[in-house]
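Reader: Hey, could you walk me through this one? I'm new to it and will just ask as I go.

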Amino acid sequence: MKDFKISNKNKKLIFALVILILPIIHVCVFYIGVNFKQILIAFSEYNIVSNVYSFNGLENFKEVFRKMTEEVALRSSLKNSTIVFLTIGGLGNFLSLVLSVYIYKKRFLHGFFKIALFLPHVISIVVLVVIFRFICNDAVPYVANELFGISMEGLLYTDKAFNVILFFALFTTLGTSVLMYSSAMSGISESIIEAAEIDGFNYIQEFWFIIIPMIFPTIKTFIVIAFAAYFTNQMHLFTFYGNRPDNPSYYTYGYYLYSKVVIANGNETTYPMLSAMGILFTVIIVPITFTIKRVMDKYGPSVD
Amino acid sequence: MKNKKFTSISTILFVILALYTLILAYHFIWGLLTSLKDYEDYLYNPLSLPEGGIANWKWDNYAYVFQKFAVKIGGKQFKLPEILLNTVIYVVLGSFICTIVPYVVAYVTARYNFWFCKVINAFVIVVIALPIVGGTPAVISVLNTLNLYDSFFGALLLKFSFLNMYYLVFFAAFQNLPREYQEAAEIDGAGELAVMIKIMFPMAYKAFLTVFLIFFVDLWNDYQGPILYLYSYPVLARGVYNITNNYAGEFSKTPIMLCACMMLFVPIMIIFSIFSKQLMGNISMGGLKE
């Protein structure tokens with residue numbers, strides 16, 4: 001009787017397959033399967049009595065286009081999502097870059113500022129929003145009245161509430177970007193900075209000609225992420241308002257999508273329209289994201 | 001002259017960062033002090049310190065919150081002990097699953113030279129770069145089909161994915177480990193499982209711990225995921241969110257509401273103060289920088 005021996009290579013193969021089988025099945029169901037289901041649902045309608053989806057062609061997409069033009073929430077989402085993108089993705093990234101140099105250069109109290117910048121990432125956004133809400137609505141009017149004799153309502157009750165929340169969103173996302181950029185900057189060789197200083201580079205020249213090109217891959221990543229998040233950024237509106245904002249025009253696409261799913265609470269009647277909306281947004285944003293990445297790869301500053 | 005220019009720019013940046021820190025610190029100090037006030041004192045002056053000495057501050061606000069904290073879902077009321085149990089299960093198990101799955105998959109794809117390892121690696125990179133929008137209804141629909149919607153098993157099963165950036169962190173960490181230890185163990189007769197668990201995993205434990213802590217903090221603070229996938233099993237973050245958005249009874253009073261917030265805030269600050277080095281460690285796509 002022959003001894004059955006497994007070769008070393010086959011032992012490794014069997015081991016690798018055994019380890020990977022469950023994660024691969026998970027990917028097949030919850031990534032590939034889910035995305036496939038999203039496409040199926042987007043072209044179907046849901047029968048709440050029989051709990052069955054049936055094909056209905058492009059009706060859901062027509063409904064999406066109709067809502068985009070008629071529904072106040074979606075009409076305002078275009079403007080609001082763009083504002084959020086430009087503020088957090090544009091201004092926020094720029095501010096983060098500039099501030100991160102201070103941390104990178106290890107200036108006075110840089111360690112202390114690092115901790116402060118990281119805190120909004122650690123602390124629950126619910127806690128931050130609640131405290132911010134009370135400060136805006138109670139403390140600020142009190143100060144205005146006591147110090148300046150101005151009678152005013154809470155900042156979040158005014159027509160400027162959206163701008164106030166935008167400031168809050170920028171404030172809470174700034175910290176993580178600063179730390180990621182300063183982390184990337186710490187990989188720059190000291191000898192390059194010293195050589196630049198010997199050559200008479202001032203601060204701005206060092207920032208523009210040395211630091212930016214050296215950390216450009218990180219900058220590119222953040223810019224691509226900002227584009228990719230255009231349709232998903234909620235700007236913490238759900239934390240502030242729950243399912244219904246005080247002002248019906250205070251929506252972003254991300255907030256709209258999430259709040260509609262929450263309202264549905266497992267009832268799949270609205271899922272076809274929401275899935276169609278998601279597919280439409282994906283079809284728009286994927287080529288934009290890849291194009292931006294390619295453009296930045298081609299025309300961005302090089303280390304050379 | 002160059003140094004003077006540089007100092008003035010540094011000064012401007014210092015002022016901005018100091019303002020940022022002061023605003024943040026003011027938030028937490030104000031929140032903490034207000035939670036120890038009487039509601040009438042708060043209405044009279046939202047900015048004042050709690051009345052009387054420290055011993056006379058309204059510490060019983062916290063006692064009230066611990067006794068009365070509850071979330072009503074459907075017809076059922078969930079009290080604090082049950083909410084905390086749900087939280088521990090969701091956060092601890094969820095963090096472990098979120099960390100161990102990419103850890104194990106990254107180990108295999110980094111250390112073994114089979115063709116499918118390269119395919120998996122490339123697939124993860126493509127998935128991370130591909131922004132897919134509006135997939136949540138489909139996820140819930142799949143969970144409904146599998147009868148796993150609104151269950152712990154379903155919610156934790158969703159965490160079983162390795163399609164995230166931490167897979168790349170672990171991949172780089174395992175790729176950089178020397179082969180000599182692995183080869184020596186194999187010569188001594190260790191099997192693949194023994195090499196993985198006893199030799200390789202301990203060598204990359206820092207990466208594991210850092211990512212576990214990151215997921216722990218994220219899941220502790222996560223209320224949107226449990227609202228979607230664990231609707232009938234409220235966790236603490238969701239409970240605090242419910243209470244601070246429903247303005248009912250005593251919990252509509254600002255000091256009481258802030259006490260509830262502190263329940264969510266204080267434990268994570270304790271964890272952060274113990275593990276700040278690991279949490280703030282430099283994670284990059286190239287692995288961990290010490």
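Reader: Let's start with Glu192(B). What does it form with Lys12(A)?

Author: Glu192(B) and Lys12(A) form a salt bridge, with their closest N and O atoms 3.4 Å apart. A salt bridge here means a side-chain nitrogen of Lys or Arg within 4 Å of a carboxyl oxygen of Asp or Glu. One caution: this is a predicted model, where local features need pLDDT of at least 70 and side-chain atom pairs count only at pLDDT 80 or more, while totals for chains, interfaces and linings use all residues. Also, residues are numbered from 1 along each chain as its sequence is written, chains are lettered from A and ligands numbered from 1 in the order in which they are written, and side-chain values use heavy atoms, with hydrogens and water left out.

Reader: Ok, where do Glu192(B) and Lys12(A) lie?

Author: Glu192(B) is in helix α10 (residues 192–203) of chain B and Lys12(A) is in helix α1 of chain A, so this pair joins two chains. Helices are DSSP runs of H or I with at least four residues, strands are E runs of at least two, and both are numbered from the N terminus.

Reader: Is Glu192(B) buried or exposed?

Author: Glu192(B) counts as buried because its relative accessibility is 11%. Buried means under 20% relative accessible area, exposed over 50%, and partly exposed in between (1.4 Å probe, protein chains only). Lys12(A) counts as buried too, at 19%.

Reader: Which other salt bridge has Lys12(A) in it?

Author: The side chain of Lys12(A) also meets that of Glu186(B), at 2.9 Å from N to O. That pair crosses between chains as well, from helix α1 (residues 8–42) of chain A to helix α9 (residues 180–187) of chain B. Glu186(B) counts as partly exposed, at 26% relative accessibility.

Reader: And how many salt bridges are there between chain A and chain B?

Author: Two. Over all chains, the structure holds 14.

Reader: Switching to the interface: how many residues of chain A are in contact with chain B?

Author: 96 residues of chain A are in contact with 90 of chain B, where contact means heavy atoms within 4.5 Å. The two chains bury about 8,300 Å² between them, 77% of it on carbon and sulfur atoms. Buried area is the accessible area (1.4 Å probe) that two parts lose on being put together, summed over both.

Reader: Back to chain B. How do strands β1 and β2 pair there?

Author: Strand β1 (residues 70–73) and strand β2 (residues 76–79) of chain B pair in the antiparallel sense over four bridges; strands pair if DSSP finds at least two bridges between them. Val71(B) has Phe78(B) in β2(B) as its bridge partner. The two strands form a hairpin with two residues between them, and Gly74(B) in the turn has a positive phi of about 65 degrees.

Reader: Last one: why is helix α13 of chain B called largely enclosed?

Author: Because ten of the eleven residues of α13(B) (residues 236–246) are buried, the helix is largely enclosed by the rest of the structure. Among the buried ones are Leu236(B), Arg238(B), Tyr241(B) and Asn245(B).
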